[in-house]
There are 2 protein chains.
Amino acid sequence: MTDDLVLRRQVCFALYTASRAMADVYRPILAGFGLTYPQYLVLLVLWEGEQEQPPTVSGLGARLQLDSGTLSPLLKRLEAAGLVVRRRSPADERRVAVELTPAGRALRGRMVDVPRQLAQATGLSADDLVVLRDTLTRITRTIHQHKEQQ
Amino acid sequence: MTDDLVLRRQVCFALYTASRAMADVYRPILAGFGLTYPQYLVLLVLWEGEQEQPPTVSGLGARLQLDSGTLSPLLKRLEAAGLVVRRRSPADERRVAVELTPAGRALRGRMVDVPRQLAQATGLSADDLVVLRDTLTRITRTIHQHKEQQ
DNA sequence: CGCAGTTTAGTTGTGTACAACTAAACTGCG
DNA sequence: CGCAGTTTAGTTGTACACAACTAAACTGCG
């Protein structure tokens with residue numbers, strides 16, 4: 001059916017628009033901390049792993065589904081902002097460990113309220129957000145699994 | 001609770017990742033037609049409005065939630081590809097109408113199978129895709145409505 | 001040990017996104 | 001009519017994304 005080539009029927013359009021609408025909500029909140037949306041995601045990963053070994057660039061990439069072409073300049077900017085340092089691994093000099101600075105660690109404390117602010121700014125209930133998140137996570141996993149099977 | 005600052009709990013991350021995973025599925029399919037994902041969305045709008053007046057740049061922007069900073073260079077590339085022409089409105093010379101060329105119209109016929117290919121490539125059922133799309137559309141509308149109320 | 005093949009981070013080039021700005025064209029009020 | 005204010009598309013600058021490539025470092029097989 002040629003009717004399928006209609007904008008409002010496309011899942012891609014729905015996802016694309018929803019993702020940018022959500023980014024619009026985050027942007028002003030994160031701008032208050034001098035961060036972009038992907039930079040915030042990198043910091044979330046680093047804050048999570050505080051007791052473990054600091055992740056490498058490719059480790060961050062595996063977590064966020066981003067390659068070095070995106071992460072290298074992004075990390076350079078986080079380093080310039082004084083939030084992280086990059087250190088070549090002595091054991092394997094191809095690897096670069098990304099570590100939080102004291103300022104990067106301290107930033108977490110100032111951002112604990114961000115998830116609540118976000119939920120408030122979207123006008124969505126906590127339950128709605130949880131259902132949406134879980135649906136999306138399932139969909140993403142399905143796509144990735146299906147890709148690997150080819 | 002500081003636990004909220006955990007990657008997998010963030011709706012932004014779920015949306016961001018799902019959107020890019022879906023783009024990964026579309027990319028090779030659209031590349032076969034020499035198109036990017038946003039270029040395809042612009043064509044969907046143009047194909048839909050074939051009997052009406054051709055939309056202006058801002059009309060396309062309203063439909064896709066994109067501004068001239070994004071659309072102007074994108075349309076320039078579609079024009080270079082021979083798929084659209086841009087024409088200053090004689091009645092109001094600020095406006096630029098975006099029209100399909102015969103090649104742009106013909107492309108639709110060659111792309112009728114794309115939605116089916118996509119559904120196949122995601123490994124999701126038609127029902128899953130419909131539910132996802134409707135959930136996302138609802139969420140996006142909620143965010144936009146909430147923003148206007150401020 | 002030696003070296004082909006792989007892994008890793010970074011660079012380059014293209015194409016979005018979006019904020020801030022510009023310039024041209026229109027509108028309406030006095 | 002005249003011009004302040006608005007609308008419209010385009011430009012500039014910054015920051016992702018991602019493909020393709022590069023160079024350095026490691027690995028394992030012969």
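Here is what to select, and what you will find at each stop.

A quick word first: this is a predicted model, where local features need pLDDT of at least 70, side-chain atom pairs count only at pLDDT 80 or more, and totals for chains, interfaces and linings use all residues. Residues are numbered from 1 along each chain as its sequence is written, chains are lettered from A and ligands numbered from 1 in the order in which they are written, and side-chain values use heavy atoms, with hydrogens and water left out.

**Stop one: where the chains meet.** Colour chain A and chain B separately. The contact (heavy atoms within 4.5 Å) takes 58 residues from chain A and 58 residues from chain B. Together the two chains bury about 5,700 Å², 71% of it on carbon and sulfur atoms; buried area here is the accessible area (1.4 Å probe) that two parts lose on being put together, summed over both.

Now look at chain B's side of that meeting. Helices H1 (11-31), H2 (37-48), H3 (57-64), H5 (102-111), H6 (114-122) and H7 (126-148) of chain B each supply at least two residues to it. Helices are DSSP runs of H or I, at least four residues, numbered from the N terminus. Select H1(B) next: this helix gives the most, with 15 residues.

How many salt bridges are there between chain B and chain A? The count is 0, a salt bridge being a side-chain nitrogen of Lys or Arg within 4 Å of a carboxyl oxygen of Asp or Glu.

**Stop two: Arg133(A).** Jump to helix H7 (residues 126-148) of chain A and pick out Arg133(A). Is Arg133(A) buried or exposed? Arg133(A) counts as buried because its relative accessible area is 16%, and buried means under 20% (1.4 Å probe, protein chains only). Show its surroundings: leaving out residues up to four places away in sequence, Arg133(A) touches Arg8(B), Arg9(B), Gln10(B), Val11(B) and Ala14(B).

**Stop three: Leu46(A).** Select helix H2 (residues 37-48) of chain A and find Leu46(A) there. With 5% relative accessibility, Leu46(A) is buried. Apart from neighbours within four places in sequence, Leu46(A) is in contact with Pro55(A), Leu60(A), Val84(A), Val98(A) and Leu100(A).

**Last stop: the cysteines.** Select Cys12(A), buried at 0% relative accessibility, and then Cys12(B), also buried at 0%.

Conventions. Buried < 20%, exposed > 50% of the residue type's maximum accessible area, 1.4 Å probe, protein only.
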